[in-house]
Amino acid sequence: MARKKAPEPKPAACEVCKGTGEVSRTVEVGRKRRAVGKQTGFCLNCLGSGEAPTD
C-alpha cells in the first residue's frame, strides 16, 4: 500500500497586509492636506493574494 503524502505547509502571510490582501491609506484633501478618511485597496507587496512574495 502506498504512503499518503503529507499536506503542503501553508504559505507565509504577507507582513504588510497581515494576510488579508488589503491595506488602508489615509485620504487627504485640500492645500493643507488634511485627512478626511481612509480608503482600502489591494496590497502592492503581495498583489492582493495575502501570501508572502517569494524571491
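**Strands, shape and cysteines**

Modeller: The protein chain has zero helices and two strands, where helices (H or I, at least four residues) and strands (E, at least two) are DSSP runs numbered from the N terminus. This is a predicted model, in which local features need pLDDT of at least 70 and side-chain atom pairs pLDDT 80 or more, while totals for chains, interfaces and linings use all residues. Residues are numbered from 1 along each chain as its sequence is written, and side-chain values use heavy atoms, with hydrogens and water left out.

Biologist: In which sense do strand 1 and strand 2 pair?

Modeller: Antiparallel, over eight bridges, with strand 1 covering residues 22–29. Strands count as paired if DSSP finds at least two bridges between them. S24 has T40 in strand 2 as its bridge partner.

Biologist: How many residues are between them in the hairpin?

Modeller: Four residues, and G30 in the turn has a positive phi of about 80°.

Biologist: Which residues form the salt bridge?

Modeller: E28 and R33, with their closest N and O atoms 3.7 Å apart. The cut-off is a side-chain nitrogen of Lys or Arg within 4 Å of a carboxyl oxygen of Asp or Glu. The structure holds one such bridge.

Biologist: How accessible is E28?

Modeller: E28 is partly exposed at 39% relative accessibility, and R33 is partly exposed at 49%. Buried means under 20% relative accessible area, exposed over 50%, and partly exposed in between (1.4 Å probe, protein chains only).

Biologist: New topic. How many disulfides does the search find?

Modeller: Zero in the whole structure. A disulfide is a pair of cysteine sulfur atoms within 2.5 Å.

Biologist: How much of the protein chain counts as buried?

Modeller: 11% of the 55 residues.

Biologist: What is the radius of gyration?

Modeller: 19 Å, whereas a compact globule of 55 residues would have one near 10 Å. The radius is taken over C-alpha atoms, and the globule rule is 2.2 Å times the number of residues to the power 0.38. The C-alpha atoms fill a box of roughly 70 × 20 × 10 Å along the principal axes.
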